Amino acid sequence: MEGRDSHRSKAPKPRAEAEPKSAVLPINLVTIAVIALCAALYARYISTRTIELPPQAVVLFDKTFAHMLGKGARITEVARNDSFAFAHEAPIWDPKTEDVYFASNAGGALGMSGLHANNRVGKISLKGLGREVLNGTAINLPVTYTVQMTNGGTGPYYGKLLFINSGRGHRPSSLTLTDPAPPYNTFVLLDNFYGRQFNSLNDVKIHPSGKIFFTDTIYLQDFRPDPTLPSQVYRLDPATGAVRAVADGFHKCNGLAFSRDGKTAYVTDTGPANGFRETVHSAPSAIYAFDVDPKTHAFTNRRLFAFVDAAIPDGIQVDKVGNVYSACGDGVHVWDWRGNLIGKFFLGELSANMVFAGHGRLVILAETKIYVADFAAMSFPVHYPA
């Protein structure tokens with residue numbers, strides 16, 4: 001009967017054996033596209049971010065950096081303009097006047113310059129600056145029309161400011177000497193390679209021999225024609241006017257510096273940066289070291305000195321004992337002469353260049369801000385004659 005049958009226990013039905021789960025996930029074109037997008041976004045993130053730290057911190061990776069810092073080391077903001085990237089590159093320290101010269105960003109964000117507008121050269125005085133905040137403002141210099149898109153600087157060279165300029169439109173890249181006093185007369189040292197325009201001249205340093213070395217790179221910028229020469233380092237002999245290439249094989253050579261004795265050269269390669277085009281994350285973001293031939297001044301024995309973890313290594317300086325400093329995506333990184341990262345002046349923002357303003361004082365350019373780092377390192381003169 002139906003009632004009785006309902007109380008009888010029913011035999012359990014045999015369960016089908018579960019199929020073993022595959023260790024391989026089914027992937028279609030949509031999945032691949034999503035993974036690729038996530039990877040690209042993450043690559044962009046890690047290329048511009050580092051560990052979160054308070055602004056203006058000092059990060060130690062080695063005890064030798066603590067010795068360099070000494071007692072009471074600090075980083076001070078001394079000038080700021082949030083609406084204008086006035087402090088990009090070309091830092092020059094004049095020990096006679098205690099002025100620091102620099103150039104605004106050429107063509108970049110907040111640079112207020114491009115194909116139809118030149119960038120600006122400015123200065124700030126550090127005279128009387130002790131450990132108090134300067135709160136200074138940049139003074140623009142009315143440099144001549146031949147100085148276009150200044151990007152590098154060093155000296156003084158026989159009392160003049162040695163600027164290297166990327167050029168703008170049909171106006172060529174050039175090496176110029178500018179009088180630091182009004183009316184700021186300017187003389188063009190070089191503006192071509194035997195009749196051919198340079199691409200975008202970038203950085204310049206004076207060798208202890210008095211020869212002038214500079215980099216020419218291939219940034220794809222909207223204010224310059226397409227490049228026609230390789231990324232190379234050149235040497236100019238001011239006595240004869242002779243110019244020659246001394247190093248090649250770079251993706252985008254940028255910053256340049258010498259050891260105190262001039263026997264070692266350092267060149268930064270800012271491969272990922274690509275002007276107004278897409279960033280190339282797989283390109284070298286490195287510093288290379290070279291031996292400098294004492295007779296020909298050719299750069300030989302190329303070797304990888306350091307690879308940068310935050311964006312790119314831009315401007316570069318060397319102190320008296322051979323420590324190497326480079327402006328990077330989160331501040332200034334410092335390596336010992338062996339290439340070991342020993343510390344950072346962490347700003348939490350991009351820095352493009354810096355210059356020693358005497359012993360124990362490093363002026364750091366950070367686009368819309370200027371910082372001064374006070375610490376115990378010893379510098380050596382980069383002006384000529386020393």
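Predicted model: local features only at pLDDT ≥ 70, side-chain atom pairs only at ≥ 80, totals over all residues.

Reader: Which residues are the closest to the centre of the second largest pocket?

Author: The second largest pocket holds about 440 Å³ of space. Its lining has 24 residues. The closest to the centre are Phe380, Pro381, Val382, His383 and Ala386.

Reader: Which strands each supply at least two residues of that pocket's lining?

Author: By class, the lining of the second largest pocket has 14 nonpolar, eight polar and two charged residues. Strands that each give at least two residues to this lining are E11 (200-206), E15 (253-258), E19 (316-318) and E23 (353-356).

Reader: How much space lies in the largest cavity?

Author: A cavity is counted here at 30 Å³ or more. That rule gives two cavities. The largest cavity has a volume of about 40 Å³.

Reader: Which strand gives the most to the lining of the largest cavity?

Author: The lining residues are Pro91, Ile92, Gly153, Thr154, Gly155, Lys205, Gln317, Val355 and Val382. Strands E3 (89-94) and E7 (150-157) each supply at least two of the lining residues. With three residues, the top contributor is E7.

Reader: How many residues of that cavity lining are nonpolar, polar and charged?

Author: Lys205 is in this lining, and Lys counts as charged. Gly153 and Gly155 also line the cavity, and Gly counts as polar. The division for the largest cavity is four nonpolar, four polar and one charged.

Conventions: Residues numbered from 1 in each chain as written. Heavy atoms only, no water. 1 Å grid on protein atoms, 1.4 Å probe; cavity = no way out; pocket = protein on both sides within 12 Å on 5 of 7 lines; lining within 4 Å. Points joined across faces, edges and corners; volume = space filled by probe spheres on them. Helix = DSSP H or I, 4+ residues; strand = E, 2+ residues; numbered from the N terminus.
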